[in-house]
Amino acid sequence: MIPVGITLQPDVVYLDLLDQVIRNDADYYEVAPETLWRQAPDGALLPNGFHRAFLDLAKEVRKPVVAHGVGLSVGTLSCADDDRQQMWLARIAADHRAFRFAWYTDHLGVSAPGGLAMTLPLPVAMTGESVARIRQSLANLQRIVPEVGVENSVFYYHLGDPLEEPDFLRRIVSGPGHHLLLDLHNVFTTAHNAGFDPHEYIDRLPLDAVIEIHLSGGSDSPGEWLASGRSLRLDSHDHGVPEAVWALFDKVWRRCPNLRGVTLERMEDTVTVPDVAVIRDELLRARAMVSR
């Protein structure tokens, strides 16, 4: 059976409210390693308190951990980021020795242009040069964790036709041990904002490369954010999984022969008491679907 996991967020309220769901209803955990670090005065990356708490939890309940980063900046072309990436990789290596990550994925895009940290990854030009750079980033990461991959990110603008991205991803993950993390809310969000059919996007993907699927929800932006008054779909992970994303999941998971996990994502500071039952039900719904 395909396991169903949940993200561990570095947030006390999230962890307290979802404690029994995390312990009893999830088959594995996904962590963002860089949220488990702190930077020392000399610049060194050191484990924070959540690092120890998550490690202790995984050992106590004997459940595997996968890693999903946002800060490696796999698409960075500038050599100005080389030193930061090397420090990042050294910290990931130390974490892998502790957690023994089943696999490690990061977001498609640039999250540290010129070494400057961004909140969200920026899009990359879908060129051969970008393919080569991202594949090299994955190869560097693969020296630490044998199974690695990239996630289709949400971009609010594109350097090219967004329906060209599936072929771009295909070229990136064609190497041995290179995988695709298919985030279905990201597909839904991008399709809504850019005006294309999410099913067409999925049909173009290398589904045999999918190692993990993400399920999550989001919100619509307030109309006053943009001068035009237009509302955009946000990949904010602050609500339950919408039915349109469940429909995409029902269509696609059977077509991913190498799928190893389905992860439910929810952000910190978005979980209240009523959300606990919703999140438990979503885990059970995903498990029931992949058990059919």
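**Aromatic pairs, barrel and helix packing in a predicted model**

A search of the whole structure finds seven aromatic pairs, where rings of Phe, Tyr and Trp (its six-membered ring) pair if their centres lie within 6.5 Å, and planes under 30 degrees apart count as stacked, over 60 as edge-to-face and the rest as tilted. The model is predicted, and local features need pLDDT of at least 70, side-chain atom pairs count only at pLDDT 80 or more, while totals for chains, interfaces and linings use all residues. Residues are numbered from 1 along each chain as its sequence is written, and side-chain values use heavy atoms, with hydrogens and water left out. Helices (H or I, at least four residues) and strands (E, at least two) are DSSP runs, numbered from the N terminus.

**Aromatic residues**

- Phe99 and Phe101 form a stacked pair, because their ring centres are 5.5 Å apart and their planes lie at 10°.
- Phe99 is buried, with a relative accessible area of 8%, and Phe101 also counts as buried, at 5%; buried means under 20% relative accessible area, exposed over 50% and partly exposed in between (1.4 Å probe, protein chains only).
- Trp246 and Phe249 make an edge-to-face pair, with 6.3 Å from centre to centre and 65° between the planes; both residues are buried, and both belong to helix 9 (residues 243-252), where they are three residues apart, about one turn of the helix.
- One aromatic cluster is formed by Phe99, Phe101 and Tyr104.
- The charged end of Arg84 sits over the ring of Trp88, 4.6 Å from its centre, the criterion being that NZ of Lys or CZ of Arg is within 6 Å of the ring centre and within 35 degrees of the ring normal.

**Barrel strands**

- Eight strands close into a barrel in the order 1-2-5-6-7-8-9-12, with parallel pairing, and the twist averages 30° from one strand to the next; two strands pair if DSSP finds at least two bridges between them.
- Strand 5 (residues 65-69) pairs with strand 6 (residues 104-107) in the parallel sense over three bridges, and Gly69 has Asp106 of strand 6 as its bridge partner.
- Strand 8 and strand 9 run parallel and are joined by four bridges, with Leu180 standing opposite Val210 in strand 9.
- Strand 9 (residues 210-215) is mostly covered, since six of its six residues are buried; this strand also pairs with strand 12 (residues 261-264) in the parallel sense over four bridges, and Ile213 stands opposite Val262 in strand 12.

**Helix packing**

- Helix 3 (residues 49-61) and helix 4 (residues 82-99) pack at an angle of about 30°, with their axes 11 Å apart; axes are lines fitted to C-alpha atoms, for helices over the stretch in contact, and angles run from 0 to 180 degrees between N-to-C directions.
- Helix 3 and helix 4 are therefore roughly parallel to each other, a label for angles under 35 degrees, whereas those over 145 count as roughly antiparallel, 65 to 115 as roughly perpendicular and the rest as oblique.
- His51, Phe54 and Leu55 of helix 3 make the contact with Arg91, Asp95, Ala98 and Phe99 of helix 4, where contact means heavy atoms within 4.5 Å.
- Helix 5 (residues 128-142) lies across strand 6, strand 7 (148-151) and strand 8, and runs at about 140° to strand 7.

**The loop at Gly177**

- Gly177 lies in the loop between helix 6 (165-172) and strand 8 (178-183), and touches Gln142, Pro146, Glu147 and Val148, not counting residues up to four places away in sequence.
- The C-alpha atoms of Gly177 and Pro146 are separated by 6.5 Å, although these residues are 31 residues apart along the chain.
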